[in-house]
Amino acid sequence: MKKILTIVLCAGSLAAMMPLPADAGAISKACRASDRPAANTRLCNCIQRVANQSLSASERRKVAKWFSDPHEAQEIRMSDRSSDERLWRRYKAFGARAQNSCG
């Protein structure tokens, strides 16, 4: 799970964007653009498929931004707002599903 969550949550610096299919989602794009060694096409596409099943479109866009701004994820995690708490719970469940499906 650590490998998946590292890819999903941590971005480090973003590399140049690789050409992607037209239907590639925001999470897959952010995953592929990350400098993480394990971020390959198969894994990133799998994570996107799980995200499509686990998160709403707006949640996927927000989570994709965490690749380039991990501090934003930390702010959501530490927030007392009920909407942020719900998002964090859904994100954690998504991470567990991605680990089981893609890891």
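A disulfide here is a pair of cysteine sulfur atoms within 2.5 Å. Counting bonded cysteines along the chain, the disulfides of the protein chain follow the pattern 1-2, 3-4.

This is a predicted model, in which local features need pLDDT of at least 70, side-chain atom pairs count only at pLDDT 80 or more, and totals for chains, interfaces and linings use all residues. Residues are numbered from 1 along each chain as its sequence is written, and side-chain values use heavy atoms, leaving out hydrogens and water.

**Disulfides**

A search of the whole structure finds two disulfides. The table gives their geometry.

| Pair | S to S | Angle about the S-S bond |
|---|---|---|
| Cys31 and Cys44 | 2.0 Å | -65 degrees |
| Cys46 and Cys102 | 2.0 Å | -85 degrees |

The link of Cys31 and Cys44 is left-handed. This pair links distant parts of the chain: Cys31 is in helix α2 and Cys44 in helix α3, 13 residues apart. Helices are DSSP runs (H or I, at least four residues), numbered from the N terminus. Cys31 counts as buried, at 0% relative accessibility. Cys44 also counts as buried, at 0%. Buried means under 20% relative accessible area, exposed means over 50%, and partly exposed is in between (1.4 Å probe, protein chains only).

The link of Cys46 and Cys102 is left-handed. Cys46 lies in helix α3 and Cys102 in helix α6, so the pair ties together parts that are 56 residues apart in sequence. Both Cys46 and Cys102 are buried.

Helix α4 spans residues 57-65, and its buried residues are Glu59, Arg60, Val63 and Ala64. They cover an arc of only 135 degrees around the axis, which puts them on the same side of α4. The arc is taken from the directions from the helix axis to the C-beta atoms. These buried residues pack against α2 (26-33), α3 (41-54) and α6 (82-102).

What does Glu59 pair with? Its side chain meets that of Arg90 in a salt bridge, at 2.9 Å from N to O. The rule asks for a side-chain nitrogen of Lys or Arg within 4 Å of a carboxyl oxygen of Asp or Glu. By this rule the count comes to one salt bridge. Arg90 lies in helix α6 and Glu59 in helix α4, so the pair ties together parts that are 31 residues apart in sequence. Glu59 is buried, with a relative accessible area of 14%. Arg90 is partly exposed, with 37%.

Arg60 also sits in helix α4. Arg60 is buried yet has no salt bridge. The nearest side chain of opposite charge is Glu59, 7.1 Å away. For charge, Lys and Arg count as positive and Asp and Glu as negative, while His and the chain ends are not counted. Leaving aside neighbours within four places in sequence, Arg60 is in contact with Ala26, Ile27, Gln48, Ala51, Asn52 and Leu55. Contact means heavy atoms within 4.5 Å.

**The nonpolar core**

A nonpolar core is a set of buried Ala, Val, Leu, Ile, Met, Phe, Trp, Tyr and Cys residues joined through side-chain atoms within 4.5 Å. Which members of the largest core touch the most others? Of its 23 residues, they are Ile27, Ile47, Trp66 and Phe94. Helices α2, α3, α4, α5 (70-78) and α6 each give two or more residues to this core.

Ile27 has contacts with Ile47, Gln48, Ala51, Leu55, Arg60, Val63, Ala64 and Phe67, leaving aside neighbours within four places in sequence.
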